[in-house]
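Trainee: Could we go through some of the terms used for this model and set each one against its definition?

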Amino acid sequence: MAKPSVGVSEVGMSAAPAQAACPCPGTLFPYPPPRGAAGIAAAVRRKCLQVELGSGAGLLGGACWGVESMRASSPTHAKAAAALAAGVDDERAAWMVRHPSALGKFEQIVAASEGKRIVMFLDYDGTLSPIVDDPDAAFMSETMRMAVRSVAKHFPTAIVSGRCRNKVFGFVKLAELYYAGSHGMDIKGPAKASSRHAKAKAKGVLFQPASEFLPMIEEVHERLVETTRCIPGAKVENNKFCVSVHFRCVDEKMWGELSEAVKGVLREYPKLRLTQGRMVFEVRPTIKWDKGKALEFLLESLGFADCTNVLPVYIGDDRTDEDAFKVLRRRGQGVGILVSKHPKETTASYSLQEPAEVMEFLLRLVEWKRLSRARLRLQ
Ligand SMILES: O=P(O)(O)OC[C@H]1O[C@H](O[C@H]2O[C@H](CO)[C@@H](O)[C@H](O)[C@H]2O)[C@H](O)[C@@H](O)[C@@H]1O
């Protein structure tokens, strides 16, 4: 086992950089879309709210994951904080100007795909399934499954999740999709080709950049189970190349103790880092790999490396999805859609409020594709 280090490594949770127009030449679709006047006017107030909601560097970029950052990942606290903030409705309206509804801007989005191949990337928890207390009961509805299946018939589609790949497959149950589990550290191509992608280039792909960490993750999982056993409600989930420590069902009075327990274990593993998701601590290897890298890997595997004729669409709700939104912004290509009811600092261009809206968006995309195909046949 490794020697105790100075502290827990906390890479990768800084605030999203300020938005700027993409400088990439030849970009047909500006990413992110230009800010409206109302958005600019709200920028200062937004900064205040952002700190209260816990998405700014003030809370999350500090020296340790403590109770304050845990509070920030609680919707209850986020709502309360937002309610306290002056002019919260204005704030939301201004945020919506900067991150308009992907349903409201549907025509703009599909117009951007003219002459391009859409590749769909979908996060799981909070995007395809509603957030629930028990991580093992985060089921996706049959109607959502049908929507994803229909999307995959028209566009290469990948599920990108923090969960163990097998577990997320167990929820989604669609063999024609690509799966990137463990925050992108476990990638696998479709087990079965969907009708239109019978010759999919990346069908047999399998990529596991963190396999050397498997024994360490096993060990730290056991240590975390042991250390948090005395904290009612705490749940440790083995996600194969990473571990989640859930505190959604832990009494707030115990959050400090839980955070100290997790950090105490992690001090002995300097090759692991600690990040935070929605009421969950995420323990992962320090390798430079995340959902953004997974998105790029999959695009490359599909034969779209350095291509301008591709439009990746990424939909996600969590902080870990920001890595993918940032990649789209850096490439000056694609559509990032954040799923959130509340204003959040994000690099995504568009927003959807909840999984039900995600489903509506997916179904509209399928319908639009069907109509465009029918129109082409008539020509
Ligand atoms: O990348 P994702 O697919 O969004 O996975 C991120 C984490 O999602 C799960 O936890 C979250 O959803 C649970 C069920 O709704 C909820 O109880 C929990 O509070 C959320 O954080 C999953 O259990 C984690 O392992 C994933 O890392």
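Mentor: A pocket is an open set of points on a 1 Å grid over the protein atoms alone, where a 1.4 Å probe fits, with protein on both sides within 12 Å along at least five of seven lines, and lining residues have an atom within 4 Å of a point. A volume is the space filled by probe spheres set on the points, and for the second largest pocket that space is about 320 Å³. This is a predicted model, in which local features need pLDDT of at least 70 and side-chain atom pairs count only at pLDDT 80 or more, whereas totals for linings use all residues. Residues are numbered from 1 along each chain as its sequence is written.

Trainee: Which helix gives the most to the lining of the second largest pocket?

Mentor: H14 (355-378), a helix being a DSSP run of H or I with at least four residues, gives the most, with 6 residues. The lining has 13 residues, and Trp368, Lys369, Ser372, Arg373 and Leu376 lie nearest the centre of the pocket.

Trainee: What makes E3 and strand E4 (residues 186-188) a pair?

Mentor: Two strands pair if DSSP finds at least two bridges between them; E3 and E4 have 3, in the antiparallel sense, so they meet that definition. Tyr179 has Lys188 in E4 as its bridge partner, and the hairpin has 4 residues between its strands, with Ser182 in the turn at a positive phi of about 50°.

Trainee: Why is the unit of E2, helix H9 (residues 165-172) and E3 called right-handed?

Mentor: The word applies because, with the strands pointing away from the viewer, the path from the first strand over the helix to the second runs clockwise. E2 (residues 157-160) and E3 run parallel, joined by 3 bridges.

Definitions and conventions
Side-chain values use heavy atoms; hydrogens and water are left out. Helices (H or I, at least four residues) and strands (E, at least two) are DSSP runs, numbered from the N terminus.
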